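Trainee: I would like to learn how to read a structure like this one. Can we go through it feature by feature?

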Amino acid sequence: MAIETFTKENVNLHAKQNRKNAYEKITDPMFMEVQRGEITQEEWTAEINRIKEQFPYVDADVQMEVGEPAEFIE
């Protein structure tokens, strides 16, 4: 395994795209459920915050230990 450095710009770009995908898939439909009274606004907001925690923005470059890519097994 090796230590690799990822720039904050690259990390944040990926976080932004991952958040966008998650919002479209998860929280956008939930918004309509809030509008219909099927769930609370707090539930919707909690899910938005969970997504932000899952894909955080960073203030500095990030070093991570990375391994070999997984092999594809048929």
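Trainee: What covers the buried residues of H1?

Mentor: Keep in mind that this is a predicted model. To find what covers a residue, look for the parts in contact with it. Here the cover over the buried residues of H1 includes H2.

Trainee: Which residues of H1 are buried?

Mentor: Asn12, Ala15, Arg19, Ala22, Thr27, Met30 and Val34. H1 also has a kink of about 45 degrees, centred on tyrosine 23.

Trainee: Which residues make up the largest nonpolar core?

Mentor: That core has 5 residues, namely Met30, Val34, Ile39, Trp44 and Ile48. Helix H1 (8–35) and helix H2 (41–54) are the elements that give two or more residues to it.

Trainee: Now H2. Is glutamate 47 buried or exposed?

Mentor: Compare the relative accessible area with the cut-off. Buried means under 20%. Glutamate 47 has 17%, so it is buried. This residue is found in helix H2, and, not counting residues up to four places away in sequence, glutamate 47 touches Ile26, Thr27 and Met30.

Trainee: How many aromatic pairs does a search of the whole structure find?

Mentor: The search finds 1. Phenylalanine 31 and tryptophan 44 form this pair, with 5.3 Å centre to centre and 55 degrees between the planes, and it is tilted. The pair links distant parts of the chain, since phenylalanine 31 is in helix H1 and tryptophan 44 is in helix H2, 13 residues apart.

Trainee: Why does phenylalanine 31 count as partly exposed, and why does tryptophan 44 count as buried?

Mentor: Use the cut-offs again: under 20% is buried, over 50% is exposed, and partly exposed is in between. Phenylalanine 31 counts as partly exposed because its relative accessibility is 35%. Tryptophan 44 is buried because its relative accessible area is 18%.

Trainee: One more ring. Which residue lies over the face of tyrosine 57?

Mentor: For a charge over a ring, check the distance to the ring centre and the position over the face. Arginine 19 lies over the face of tyrosine 57, at 4.0 Å from the ring centre. Arginine 19 is also among the buried residues of H1.

How values were computed
Residues numbered from 1 in each chain as written. Predicted model: local features only at pLDDT ≥ 70, side-chain atom pairs only at ≥ 80, totals over all residues. Heavy atoms only, no water. Core = buried A, V, L, I, M, F, W, Y, C linked by side-chain atoms within 4.5 Å. Buried < 20%, exposed > 50% of the residue type's maximum accessible area, 1.4 Å probe, protein only. Helix = DSSP H or I, 4+ residues; strand = E, 2+ residues; numbered from the N terminus. Bend = angle between axes of the 7 residues up to and from the residue. Contact = heavy atoms within 4.5 Å. Phe/Tyr/Trp six-rings, centres within 6.5 Å; stacked < 30°, edge-to-face > 60°. Lys NZ or Arg CZ within 6 Å of the ring centre and 35° of its normal.
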